[in-house]
Amino acid sequence: MARRISSQGKVTISVDEYSSNPTQAFTHYNINQSRFQPPHVHMVEPLPYDAPKSVGHTRFVCVSDTHSRTDGIQMPFGDVLLHTGDFTELGLPSEVKKFNDWLGGLPYEYKVVIAGNHELTFDKDFMAELIKQDYYRFPSVSKLRSEDFDDVQSLLTNCVYLQDSEVTIKGFRIYGAPWTPWFNGWGFNLPRGQSLLDKWNQIPEDVDILMTHGPPLGFRDWVPKELQRVGCVELLNTVQKRVRPKLHAYGGIHEGYGIMTDGYTTFINSSTCTVSFQPTNPPIIFDLPNPGNS
Ligand SMILES: Nc1nc2c(ncn2[C@@H]2O[C@H](COP(=O)(O)O)[C@@H](O)[C@H]2O)c(=O)[nH]1
Ligand SMILES: [Mn+2]
Ligand SMILES: [Mn+2]
């Protein structure tokens with residue numbers, strides 16, 4: 001049982017019995033609960049860019065995984081930009097500056113950004129380990145002096161940067177976290193199970209919008225070349241059973257670009273880059289009614 005309700009009515013998520021094998025988890029929950037198919041789950045067509053925005057709504061523009069390839073991206077009208085990580089290849093300060101300049105030229109009232117596994121310099125523990133190693137997997141990153149990247153976040157002057165933290169914008173509580181299940185030893189990688197659940201447990205109950213780098217299990221997390229589901233089971237249980245945001249925005253699995261809903265939360269994988277790192281998937285827009293309809 002992945003969910004428990006305490007005497008104070010608080011929901012506690014525990015590690016799922018299928019946590020370490022998301023493909024098996026998907027099959028099990030689909031066969032036994034139809035959890036990932038209609039009527040519980042539906043695909044959603046993206047809103048056309050020329051759709052009028054209703055009065056009392058905020059338009060969010062979701063992008064992800066731009067990987068230092070922002071030059072040709074056509075950005076639509078909107079109020080708040082959400083970028084869910086992998087804005088660089090390696091987190092080099094030069095790349096972060098270029099990304100920040102791009103953000104500076106965009107017309108949105110607010111821009112909110114989280115890191116992904118490619119933002120190596122943003123992960124202090126990763127960098128501490130990398131520096132200790134006597135072989136260099138990422139030569140251009142290993143060459144950096146610590147004073148070049150210690151304060152790399154401060155290069156992001158044109159956005160709000162979230163890392164296990166939240167911001168309230170236009171009345172929406174937005175929480176962001178960069179962690180993804182361990183895969184090839186990149187930044188912000190953690191083992192599936194309790195380590196990731198500890199991070200998800202930091203997400204407050206009342207957030208309206210959750211930004212993570214990677215997907216939850218079953219929602220745009222399919223990797224065709226490996227015939228595998230790779231989304232995080234604990235993230236799914238946290239989103240559906242405890243936090244229940246109106247919007248869960250992420251990227252991470254480039255092949256999973258698209259939108260789904262479980263009837264309450266809309267799940268948007270807005271990976272701009274395709275699996276071959278071509279920045280051709282368009283930004284996805286999404287309108288939400290303003291909290292309290294303010
Ligand atoms: N089997 C898995 N494949 C993964 C995972 N995370 C990412 N990927 C694959 O790599 C690309 C690019 O990801 P990036 O982080 O390097 O930009 C992604 O689209 C997948 O094909 C994973 O956890 N398992
Ligand atoms: Mn990516
Ligand atoms: Mn990634």
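User: Thanks! To begin, are Phe219 and Phe267 buried or exposed?

Analyst: Both Phe219 and Phe267 are buried. Buried stands for under 20% relative accessible area, exposed for over 50%, and partly exposed for what lies in between (1.4 Å probe, protein chains only). A word on the basis: this is a predicted model, where local features need pLDDT of at least 70 and side-chain atom pairs count only at pLDDT 80 or more, while totals for chains, interfaces and linings use all residues. Side-chain values use heavy atoms, with hydrogens and water left out, residues are numbered from 1 along each chain as its sequence is written, and chains are lettered from A and ligands numbered from 1 in the order in which they are written.

User: Why does Phe87 count as buried?

Analyst: Phe87 has a relative accessibility of 1%, so it falls under the 20% limit. Phe122 is buried too, with a relative accessible area of 1%.

User: What makes the aromatic pair of Phe219 and Phe267 stacked?

Analyst: Rings of Phe, Tyr and Trp (its six-membered ring) pair if their centres lie within 6.5 Å; planes under 30 degrees apart are stacked, over 60 edge-to-face and the rest tilted. Phe219 and Phe267 are 3.9 Å centre to centre with 25° between the planes, so they meet the stacked criterion. Phe219 lies in the loop between strand E12 (209-212) and strand E13 (222-223), and Phe267 in strand E17 (residues 266-269), so the pair ties together parts 48 residues apart in sequence. Strands (E, at least two residues) and helices (H or I, at least four) are DSSP runs, numbered from the N terminus.

User: And why is the pair of Phe87 and Phe122 edge-to-face?

Analyst: The structure holds twelve aromatic pairs. In this one the ring centres of Phe87 and Phe122 are 5.7 Å apart and the planes stand at 85°, so the pair is edge-to-face. Phe87, Phe99, Trp102, Phe122 and Tyr161 form one aromatic cluster.

User: How do you know which residues are protein donors of the manganese ion (ligand 2)?

Analyst: Donors are N, O and S atoms within 2.8 Å of the metal (3.2 Å for Na, K and Ca); water is not among the atoms, so sites may look incomplete. Asp65 (OD), His67 (NE2), Asp86 (OD) and His254 (NE2) lie 2.1 to 2.3 Å from the ion, so they qualify. Asp86 also bridges this ion and the manganese ion (ligand 3), the two lying 3.4 Å apart.
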